[in-house]
Amino acid sequence: MFKVYKSNSLNILLLKAYDIIQKKPLSNIFEKEIFIYDNKVLFQYLNIFLAEKVGISANFKLYHPKDFIWKLFQIILSKKELKNTFTHSIMIWKIMNILDQKNFFEYYDNKKKNKTQNFKFSFLMANIFEQYIFYRPNWINDWEKKNNQKLI
């Protein structure tokens, strides 16, 4: 079962996680409790909180929401070799390829500096795109629709 708990108070979330783990322990001791996080600091606080309450904090699986969704796609579609083309590293290289083709930074004389500048820019753009995919997918969809309408 999949449940989402939201709160502006970290203590409330931590207490809720503790209550769930205490009331409904996993049937198999080798199974891992799965936590979906948006911030790694939150998971560190969870570990510390549970260790203080229970005495130990172990056997957790941590997923970022995008990784969790991708894992669900793999399970549902029964394809272990399904590749995620929106990973951060792949996006960096795709953006770099676009920059090379379009010569965005042609005003630089030094080729090495140009490649370094392209990589830095691509890295930042991949970060931004990743945030948009996760937090504002409707903005990307709207943008694609407007571009497709112009082409028609």
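Before the first click, one term: a contact means heavy atoms within 4.5 Å. You are looking at a predicted model, where local features need pLDDT of at least 70 and side-chain atom pairs count only at pLDDT 80 or more, while totals for chains, interfaces and linings use all residues. Residues are numbered from 1 along each chain as its sequence is written, and side-chain values use heavy atoms, with hydrogens and water left out.

**Stop 1: Glu-130**

Select Glu-130, which sits in helix α5 (residues 111-135). Which residues does Glu-130 touch, not counting residues up to four places away in sequence? They are Lys-66 and His-88. Glu-130 counts as buried because its relative accessible area is 18%, and buried means under 20% (exposed is over 50%, partly exposed is in between, with a 1.4 Å probe and protein chains only).

**Stop 2: the whole chain**

Now zoom out and colour by secondary structure. The chain has six helices and two strands, in the order α-β-α-β-α-α-α-α along the sequence. Helices (H or I, at least four residues) and strands (E, at least two) are DSSP runs, numbered from the N terminus. The chain has 152 residues, and 20% of them count as buried. Take the contacts with a separation of 6 or more: 57% of them are between residues 24 or more positions apart.

**Stop 3: Tyr-37**

Next, pick Tyr-37, in the loop between β1 and α2. Is Tyr-37 buried or exposed? It is buried, because its relative accessible area is 12%. Leaving aside neighbours within four places in sequence, Tyr-37 is in contact with Leu-62, Tyr-63, His-64 and Pro-65. Try the distance tool on Tyr-37 and Tyr-63: they are 26 residues apart in sequence, yet 6.3 Å apart in space, C-alpha to C-alpha.

**Stop 4: the largest pocket**

The largest pocket has a volume of about 1,300 Å³. Of the 32 residues that line the largest pocket, select the closest to its centre: Lys-3, Tyr-5, Ile-34, Phe-35 and Ile-36. Two or more lining residues come from each of α1 (10-23), β1 (33-36), α2 (40-54) and α3. Which element gives the most to this lining? That's α1, with eight residues.

How is a pocket found? On a 1 Å grid over the protein atoms alone, a pocket is an open set of points where a 1.4 Å probe fits, with protein on both sides within 12 Å along at least five of seven lines; lining residues have an atom within 4 Å of a point. Grid points are joined across faces, edges and corners, and the volume is the space filled by probe spheres set on the points.

**Stop 5: Ser-7**

Ser-7 lies in the segment before α1. Ser-7 is partly exposed, because its relative accessible area is 28%. Leaving aside neighbours within four places in sequence, Ser-7 is in contact with Ile-12 and Leu-13.

**Stop 6: Trp-93**

Finish in helix α4 (residues 88-102), where you'll find Trp-93. Trp-93 is exposed, because its relative accessible area is 53%.
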